[in-house]
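Hello,

Here is the structure I promised to pass on to you. Have a look at it first, and then read on for what turned up in it.

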Amino acid sequence: YGWIFPVHADEDSVRFNVGVGLWMDDTGGAHTVADYFERFLAQDAVAQAIDAAAQDREKPIGYPVALGLWRNRVADGCVLHIGDAANLADPLTGDGIGNALTSGRRVAEAIDAASDAPDAASRWQHAYAASFTPELQRSLVLRQLLTTTPAKNLATRFLEDLAPTLGTRLHKAIFGEAGYRDVWGDRAVSPSRNPPKRS
């Protein structure tokens, strides 16, 4: 995916952050982040317009995305983590801005309701567990199921031919129009477990 965010503006200019993201598993050969970034600049009309009008360009820098974890501590003593610092990016899509903004609001609510710093940390950890953990776990399971290209192709064919309603719900969840809970309903999600091997 690609993004274009305005990050600073004054009377003379606007500074933009333009970037792309892709899975590490999908890199290699002609599929590096740099190659994808060049294709994005060449094919996206808005990126082309910004690039053509640019007065200054910085050297592109790559960063790993802090994806959601199955279990996660977001409160460490008096430090309350939000956004990328809390590993809140969607494990399936890599999108992080929605969860970052929501986590900021939830931390502010925890601080406002707290009697002291430990209480704020406890409230934020509980709020995280209630609102973020279920969605991140559902996303992690979907990512496990859809990691390989054949699995993605098979799932696409199945959803198009046999379960178009499920496909619509999954599409809405991936693009942030609904939660992953709406794909599967409110059933609990558990990680895949392999039985222990006997020797």
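Is R105 buried, partly exposed or exposed? R105 counts as partly exposed, because its relative accessibility is 46%. Please keep in mind that this is a predicted model.

**Salt bridges**

Let me stay with R105 for a moment. Its side chain meets that of E109 in a salt bridge, with 3.9 Å from N to O. Both residues belong to helix α3, and because they are four residues apart there, about one helical turn separates them. E109 is partly exposed too, at 43% relative accessibility. R106 joins in as well: R105, R106 and E109 are linked in a network of salt bridges.

The structure holds six salt bridges. Another one of them pairs D51 with R57, where the closest N and O atoms are 2.9 Å apart. D51 counts as partly exposed at 29% relative accessibility, whereas R57 counts as exposed at 51%. The cut-off for exposed is over 50%.

R138 and E135 form a salt bridge of their own, and their closest N and O atoms are 3.7 Å apart. These two residues sit three residues apart in helix α5, about one turn of the helix. Both R138 and E135 are buried.

**Helix α5**

Helix α5 covers residues 133-145, which makes 13 residues. From its first C-alpha to its last it reaches 18 Å, close to the 18 Å expected at 1.5 Å a residue. Besides R138 and E135, the buried residues of α5 include T133, L136, Q137, S139, V141 and L142.

**The loop between β4 and α3**

D90 lies in the loop between β4 and α3. With a relative accessibility of 11%, D90 counts as buried. Its side chain reaches two backbone nitrogens: that of L92 at 2.7 Å and that of T93 at 3.2 Å.

N87 is found in the loop between β4 (79-80) and α3 (97-113). Although N87 is not a glycine, it has a positive phi of about 55 degrees. N87 is partly exposed, its relative accessible area being 22%.

**N72 and its contacts**

N87 is in contact with N72, a residue in the loop between α2 (45-53) and β3 (75-76). N72 is buried, with a relative accessible area of 13%. The side chain of N72 reaches the backbone oxygen of A86 at 2.6 Å. Setting aside its neighbours within four places in sequence, N72 is in contact with A86, Q125 and Y128 as well as N87.

**The hairpin**

Finally, look at strands β1 and β2. How many bridges join strand β1 to strand β2? Seven bridges do, between β1 (residues 2-9) and β2 (residues 14-20), and the two strands run antiparallel. A hairpin of four residues connects β1 to β2.

Enjoy exploring it, and do write back with any questions.

Best wishes

Key: Residues are numbered from 1 along each chain as its sequence is written. This is a predicted model: local features need pLDDT of at least 70, side-chain atom pairs count only at pLDDT 80 or more; totals for chains, interfaces and linings use all residues. Side-chain values use heavy atoms; hydrogens and water are left out. Two strands pair if DSSP finds at least two bridges between them. The expected span of a helix is 1.5 Å times one less than its number of residues. Buried means under 20% relative accessible area, exposed over 50%, partly exposed in between (1.4 Å probe, protein chains only). A polar contact is a pair of N or O atoms within 3.5 Å; within protein, one must be able to donate a hydrogen and the other to accept it, and residues adjacent in sequence count only if both atoms are side-chain atoms. Contact means heavy atoms within 4.5 Å. A salt bridge is a side-chain nitrogen of Lys or Arg within 4 Å of a carboxyl oxygen of Asp or Glu.
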